[in-house]
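Subject: Handover of a structure, with findings

Dear colleague,

Please find below the structure that I am handing over to you.

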Amino acid sequence: MGETEDERTAQAGQLFETFVQATTCKGTLQAFSILCRQMDLDPLDYTHFYSRLKAAISSWKVKSLWTKLDKRAGQKVYNHGEACQGTKCLIVGGGPCGLRTAIELALLGCKVVVIEKRDTFSRNNVLHLWPYTIHDLRALGAKNFYGKFCAGSLDHISIRQLQLMLIKVCLILGVEIHVNVEFVELLEPREDQSDSPGWRVAIRPSDHPVTEIDFDVVIGADGRKNTLDGFSRKEFRGKLAIAITANFVNRNTTAEASVEEISGVAFIFNQKFFLDLKEETGIDLENIVYYKDNTHYFVMTAKKQSLLDKGVILNDHMETERLLHRDNIDNEALRSYAREAADFGTNYQLPSLDYAVNSYDQPDVTMFDFTSMYASENAALLREKHGRQVLVALVGDSLLEPFWPMGTGCARGFLAAFDTAWMVRGWTQGRSPLDVLAERESLYRLLPQTTTENINKHFEQYSIEPSTRYPNLNSSVIRPHQVRHLLMNGQEH
Ligand code: FAD
């Protein structure tokens with residue numbers, strides 16, 4: 001009997017380790033489903049899932065992960081996972097910000113469903129992490145999932161690795177994840193009987209079980225092309241800005257390891273570098289960043305004339321869409337351009353600059369326009385129809401687009417994820433909708449101004465409660481009467 005028990009414990013530990021070590025989205029979901037089946041755990045039983053999983057997996061290796069997650073889950077705001085018990089939340093999009101929001105809502109005790117239209121995590125591009133995000137991810141067990149996480153002075157991570165670790169934490173906390181499921185639209189309740197369907201969603205595939213769930217909260221985390229209605233976007237238009245991202249294979253040799261990163265040089269700070277680059281290669285840049293991660297990742301802003309001169313852009317056009325249209329780009333010239341810039345930027349020290357491949361099996365180099373950056377006018381709204389309410393909110397790039405060369409997307413994105421979870425908590429606990437929305441909009445006004453310098457430096461104090469993160473907070477800049485238009489009672493449809 002004792003032996004069988006030991007064997008079972010060892011098998012459980014092994015299955016969990018396979019899940020922890022999985023390196024793809026599909027592999028993670030598969031390992032998780034095998035783990036649940038073999039250990040007789042019901043992943044839909046979201047209120048008990050984490051404690052049952054913890055009881056089933058007791059290998060020494062996993063203890064430090066449980067300690068970390070228990071510490072987070074023990075924060076007072078979650079009220080032992082009962083603060084929002086029974087609240088049903090849908091998150092549209094499994095990018096870093098959607099997944100980070102899902103974790104907070106799960107800790108609050110919500111039933112959380114994430115739908116993601118793809119089934120791969122394939123973005124090699126690298127995000128800059130602010131010190132608080134490193135602290136936050138470590139506290140969620142980042143090192144347990146990815147041993148190399150921010151080793152030494154590293155302060156970045158590939159989007160792919162970030163999604164992988166966050167999806168694992170989500171699954172452990174009982175979040176339902178559905179891949180290959182695309183959000184189409186939010187559907188109003190049709191009748192006012194209490195037993196008739198409430199706020200539901202139309203998705204692809206249309207017969208998916210998620211269509212049967214009545215949601216209390218819907219959160220758009222689907223990236224820059226937000227698909228939820230009710231959020232008009234404001235545009236910040238600068239002068240023409242053409243960005244190039246490029247990823248090269250990192251073979252982790254000693255020679256590669258000794259090459260210094262460029263954590264961001266801009267023309268205004270180092271004119272000599274850019275003038276030398278132009279003189280030597282004809283490449284004219286406004287800034288460049290190089291991070292050594294799973295790949296050698298470069299992001300740079302290039303001047304149009306040099307792209308024309310180097311034959312990357314074939315014909316000049318006034319409209320950026322035509323200028324950067326696929327047919328107007330010479331891909332081979334683009335690859336050479338980015339490689340030459342990378343070579344010069346690293347003082348020709350990277351031994352071989354072979355392109356990593358992207359999800360289409362093509363060399364991973366992209367050129368795109370970011371002359372305009374978008375932000376949503378508002379962060380949340382409340383819809384009501386036939387006496388049923390649904391709280392709708394945006395997080396991540398859907399809410400506020402980041403400036404890629406600074407990689408602020410995830411740093412500001414996580415702050416908004418916490419603020420959103422705080423709003424859900426307030427609303428669920430019966431605060432007046434207008435108060436909750438006014439507070440959310442007040443916090444949103446702060447978001448574009450947040451920097452590593454002006455947020456609270458005591459990261460161990462961080463929780464979803466805004467005052468733990470923003471010093472000198474005034475959460476009533478926007479007054480309740482100013483957000484009346486965010487209470488939508490169906491008349492406007
Ligand atoms: P995203 O990471 O964009 O995730 C949105 C998710 O929603 C995606 O997984 C998408 O598949 C899914 N989705 C979209 N529509 C639907 C739908 N209808 N139904 C269901 N799911 C849907 N930032 C940088 O700082 N530097 C970079 O080099 C950089 N490169 C990037 C490259 C690409 C291709 C993209 C898309 C973004 C890049 N970003 C970069 C932005 C950065 O990834 C984000 O700031 C960061 O990931 C946080 O964003 P997010 O979670 O809000 O959205």
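I begin with a local point in the backbone. Asp 361 is exposed, with 7 other C-beta atoms within 10 Å. Please note that this is a predicted model, so every value in this message is computed from it.

Backbone exceptions

Most residues other than glycine have a negative phi, and most peptide bonds are trans.

Asp 361 is not a glycine, yet its phi is positive, at about 65°. The residue belongs to the loop that runs between helix H13 (331-345) and strand S14 (365-369).

Cys 150, likewise not a glycine, has a positive phi of about 40°. Its loop lies between helix H7 (142-145) and strand S4 (156-158). Is Cys 150 exposed or only partly exposed? With 19 other C-beta atoms within 10 Å, Cys 150 is partly exposed; the cut-off for a buried residue is 20 or more.

The peptide bond between Arg 204 and Pro 205 is cis, with omega at about 0°. Pro 205 is placed in the loop between strand S7 (200-204) and strand S8 (217-220).

The seven-stranded sheet

An open sheet of seven strands shows mixed pairing, in the order S5-S2-S1-S8-S17-S16-S18. Its edges are formed by S5 and strand S18 (487-488), each of which pairs on one side only.

Strand S2 (residues 111-116) is mostly covered, and six of its six residues are buried. In a regular strand the side chains alternate between the two faces of the sheet. In S2, Lys 111, Val 113 and Ile 115 point one way, whereas Val 112, Val 114 and Glu 116 point the other way. The residues on both sides are buried, Lys 111 and Glu 116 included.

What are the partners of S2 in this sheet? One is strand S1 (residues 88-92), which pairs with S2 in the parallel sense over five bridges. Within this pair, Ile 91 stands opposite Val 114. Another is strand S5 (residues 176-179), which runs parallel to S2 and is joined to it by four bridges. Here Glu 176 of S5 is found opposite Val 113.

Helix packing

Two packed helices are described by the angle between their axes and the distance between the axes. Helix H8 (residues 159-172) takes part in two such pairs, one with helix H2 (residues 25-38) and one with H5.

For H2 and H8, the packing angle is about 20° and the axes are 10 Å apart. H2 and H8 are therefore roughly parallel to each other, and their crossing is right-handed. The contact brings Cys 25, Thr 28 and Phe 32 of H2 to Leu 164, Ile 167, Lys 168 and Leu 171 of H8.

For H5 and H8, the axes come within 9 Å and cross at roughly 20°. This pair, too, is therefore roughly parallel, but the crossing of H5 and H8 is left-handed. On the H5 side, the contact residues are Pro 96, Leu 99, Arg 100, Ala 102, Ile 103 and Ala 106. They meet Ile 159, Leu 162, Gln 163, Leu 166, Ile 167, Val 169 and Cys 170 in H8.

The five-stranded sheet

Another open sheet has five strands in the order S11-S12-S13-S10-S14, with antiparallel pairing. Strand S11 (262-266) and S14 are its edge strands, and each pairs on one side only. On average, neighbouring strands of this sheet are turned by 10° against each other, direction ignored.

S11 and strand S12 (residues 285-292) run antiparallel and are joined by three bridges. Among the bridged residues, Ala 266 has Asn 287 in S12 as its partner.

Helix H10 (residues 271-281) has eleven residues, of which one is buried, so the helix lies largely in the open. Just after H10 comes Gly 282, with a positive phi of about 80°.

Yours sincerely

Definitions and conventions. Residues are numbered from 1 along each chain as its sequence is written. This is a predicted model: local features need pLDDT of at least 70, side-chain atom pairs count only at pLDDT 80 or more; totals for chains, interfaces and linings use all residues. A residue is buried if 20 or more other C-beta atoms lie within 10 Å of its own, exposed if 12 or fewer, and partly exposed in between; C-beta atoms are placed from the backbone. Two strands pair if DSSP finds at least two bridges between them. Axes are lines fitted to C-alpha atoms, for helices over the stretch in contact, and angles run from 0 to 180 degrees between N-to-C directions. Angles under 35 degrees count as roughly parallel, over 145 as roughly antiparallel, 65 to 115 as roughly perpendicular and the rest as oblique. A crossing is left-handed if the near helix is turned anticlockwise from the far one by less than a right angle, and right-handed if clockwise. Two residues are in contact if their C-beta atoms, placed from the backbone, lie within 7 Å.
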